[in-house]
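Subject: A structure for you to explore

Hi there,

Here is the structure I promised to pass on to you. Please open it alongside this email and follow along as you read.

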Amino acid sequence: MATKRSSTISQSPVENWTDDLPVCRLSGVGFLTNQRYREDGGRREEHEFEDRNFHFNVDDKYLYGVFDGHDGTRASDFTVQRLPAELLLGQLTVTMNDEQIKGAIRQAFIAVEKGFFQSLDDALAEKWELQLQLPEGLSSYEAYQKFPDHVARIQALQDEISGGTTAVLALIFQNKLFVANVGDSRALLCRVTPEGNLSVQQLSVDHVTNNKEELERLAKLGLDIQQILRNRRIGNQENTRSIGDYGVKGGYKDFDILSVATEEPVIAEPHICGGIPIDETFFALVLMSDGVYNSIEEAADMEINSNFDVVRLVTEELQCQNNLTGVAQAVVDRIGRAHHDTYMNQMRKCQKRDDMTLLIRIFKEEIANSLKSPRAAGRQAMSGVPPASPVVLPVSVPYNPASAASGAAPSLYIPQGVQPIPQPTGNTPSPTTSTPTSTGTPVPQVAVSGSRSDTQSSAASSGSQSPSVFTPAEPGAAAGQGTGISGDDEREDIRVEPYVDFTYFYRQVAELGEDYVYGWDKENTEAPA
C-alpha cells in the first residue's frame, strides 16, 4: 500500500517479547520489499518494508498473522506484538465454544486498536498544542513561511499518527480453524477433493471500496458512494477496515468526503469465520498481503484467479525446496520476477509493486517433515508430492537437464511480446526453480473455487482453470509465440544476434596458424624449466 516513508529495510527492528515464543515448524514465510522499476532494469524501494507476520505454536494453540502496514511501520509493529498477547496468555480455554472463541478474537482486534490509539496520546496532544500556537487565518504556505519549525513538527506528528495496518489472523485451537481479518490481506484454505484435486477457498473478505457489503455499510452512514467509487479511496485510505489510521477514524471530520458520516466510517471490526473442523482433507493454509495477489493480477493480460495461481505455485515449490520458508520465498520470488518481466516488456504496465508477504501452513506433517534438499541424490518421495530429480538445480535461465553435465551453454532466446513464466513440461524445468522430472505419487491439482469468503465452487482442473501469467504455452505453438527453450531451426529468427564479429579473428587463425595466433605469449606463460 502507498506510503510516505523513506527507504530502509527492517523486518525485525528491535528485540520483542514474541521473539522467544515457539515458532510453528509446519509453517514458513517469504517476503519481498516494494519496488519501483526503471527502464534500464534497475529498481529502488519507495519506502521501508512495512509488512509484519508471526507464526507461533504455544500450548497447542497455533496462531498465524500477516499485517500490511501503510504510512509507516508503527501500526504493524504494534499489532504484531499486541495481538499475540491478547490471545496466547490464557484468554482461550478448552471450555469455550466456537462463539466464545470468535468473541475473544473480536475483542482482541478491538483491544489492539484501542491500545494503539492510546500510544498516540502524546503525539496527538503535542500536535494540538502546536496548532493552537499558530495564528488563525494563515494559509498553509504562509504558516510554513513564518513558522517553518512548527509546521515541520506538525507534519511529522501527523505522519506518526496517520499510519495503520491490515490484519489477517488464523487460529487453530481444539482442532478447529478460525480466521479473522480487516483490510485486504487474504486467507486461503486448500483442501483435497475426493478426485485428488485441490480446491481453494478464500476465508477472508476484502474490505475495499468495491466491496458491495462495505459500500452498503458506508451508505447507511450518509456517505456519497458514487464519489467513493470514483476516487477508489475512502479519505486517504484504500481499505474500509483497518487497525490504526487515526486520520480517518478519530479525525475523519477533517475529510470533506467523510465529514457527513454519522460515525467513524473506517472501523476495526473484523470479519470472522470458524470454527471449521480440521480433517484429513486439509492440505494447506495460505495467508498473504495484497502485494502478492495484486502483482499476479497486474502482470496478467486478462482477468485471472490470483488465488488459484498462488496455491498452484505453492504446490509446485513443495516439490523443489528443502523447507517451508524456502517454498514461500520461492513463490514470492517467482511472482516478483514475473511482475518485473512484464514491466520490461510493456513499460506502461507494472511500473511498481507493493511489499509482499506470503505465509504457508501445511496440515500434512509427513510433507513438512519430509522436505529435503533438491540437491540430495537420495531425496525420498513424500505423501502427496512426487520426488524431485536430483540433477535439476535452481537456475536463472532455462536449460535441459539431460545435457546438464555436458558443459554446453544453455540456449537462450528472447520471446516476442509479453510472455508468461514457463510451467514445467516434460523434462524442461521452470526458469527460476528446480522442477522434479521423475514420476511418483501425483500432486493434487488445483481446482478453481469461489474468490469470496464462505463460497466454494470447484472446477475440473484440466479444462476450466483460470488463465494465468504462469501458464505455459500449448505444445506445438507457432514459433515466437511460446515460451521456454528451443533448439529448432524455426526459432533461429528470434534468437539474439551476436554483437561481436569474429570473422577477422578466424581469418587470422586460418592464414597464420593456431600456434601464431594462440601462442603469441607462450614464452611469457610457460613455467621456467
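Which residues form one aromatic cluster? The members are Phe-78, Phe-116, Phe-117 and Tyr-246.

Before you go further, please note that this is a predicted model, in which local features need pLDDT of at least 70 and side-chain atom pairs count only at pLDDT 80 or more, while totals for chains, interfaces and linings use all residues. Residues are numbered from 1 along each chain as its sequence is written, and side-chain values use heavy atoms, with hydrogens and water left out.

**Aromatic rings**

A search of the whole structure turns up eight aromatic pairs. Rings of Phe, Tyr and Trp (its six-membered ring) pair if their centres lie within 6.5 Å; planes under 30 degrees apart count as stacked, over 60 as edge-to-face and the rest as tilted. One of the pairs is tilted: Tyr-37 and Tyr-343, with 5.4 Å from centre to centre and 40 degrees between the planes. Tyr-37 belongs to strand S2 (residues 35–37) and Tyr-343 to helix H10 (residues 324–345), so this pair ties together parts that are 306 residues apart in sequence. Helices (H or I, at least four residues) and strands (E, at least two) are DSSP runs, numbered from the N terminus.

Are these two tyrosines, Tyr-37 and Tyr-343, buried or exposed? Tyr-37 is buried, at 6% relative accessible area, and Tyr-343 is buried too, at 5%. Here buried means under 20% relative accessible area, exposed over 50%, and partly exposed in between (1.4 Å probe, protein chains only).

Arg-186 lies over the face of Tyr-293, 3.6 Å from the ring centre, and the charged end of Arg-361 sits over the ring of Tyr-62, 4.8 Å from its centre. To count, NZ of Lys or CZ of Arg must be within 6 Å of the ring centre and within 35 degrees of the ring normal.

**Salt bridges**

How many salt bridges does the structure hold? There are 21, where a salt bridge is a side-chain nitrogen of Lys or Arg within 4 Å of a carboxyl oxygen of Asp or Glu. Here are some to look up:

- Arg-74 and Glu-160 meet at 2.3 Å, N to O. Arg-74 lies in helix H1 (residues 74–87) and Glu-160 in helix H5 (residues 148–162), so the pair ties together parts that are 86 residues apart in sequence. Arg-74 is partly exposed at 32%, and Glu-160 is partly exposed at 27%.
- Arg-241 bridges to Glu-214, with the closest N and O atoms 2.9 Å apart. Arg-241 is in the loop between helix H7 (225–231) and strand S11 (243–244), and Glu-214 is in helix H6 (residues 212–220), so parts 27 residues apart in sequence are tied together. Arg-241 is buried at 12%, and Glu-214 is buried at 4%.
- Arg-337 bridges to Asp-341, with the closest N and O atoms 2.9 Å apart. Being four residues apart in helix H10, Arg-337 and Asp-341 are separated by about one helical turn. Arg-337 is partly exposed at 34%, and Asp-341 is partly exposed at 26%.

Salt bridges that share partners also join Asp-309, Arg-312, Glu-316, Glu-317 and Arg-334 into one network.

**Backbone angles**

Asp-71 is not a glycine, yet has a positive phi of about 55 degrees. Asp-71 sits in the loop between strand S5 (61–70) and H1, and is buried at 10%. Arg-232, also not a glycine, has a positive phi of about 60 degrees. Arg-232 is found in the loop between H7 and S11, and is exposed at 65%.

Enjoy exploring!

Best wishes
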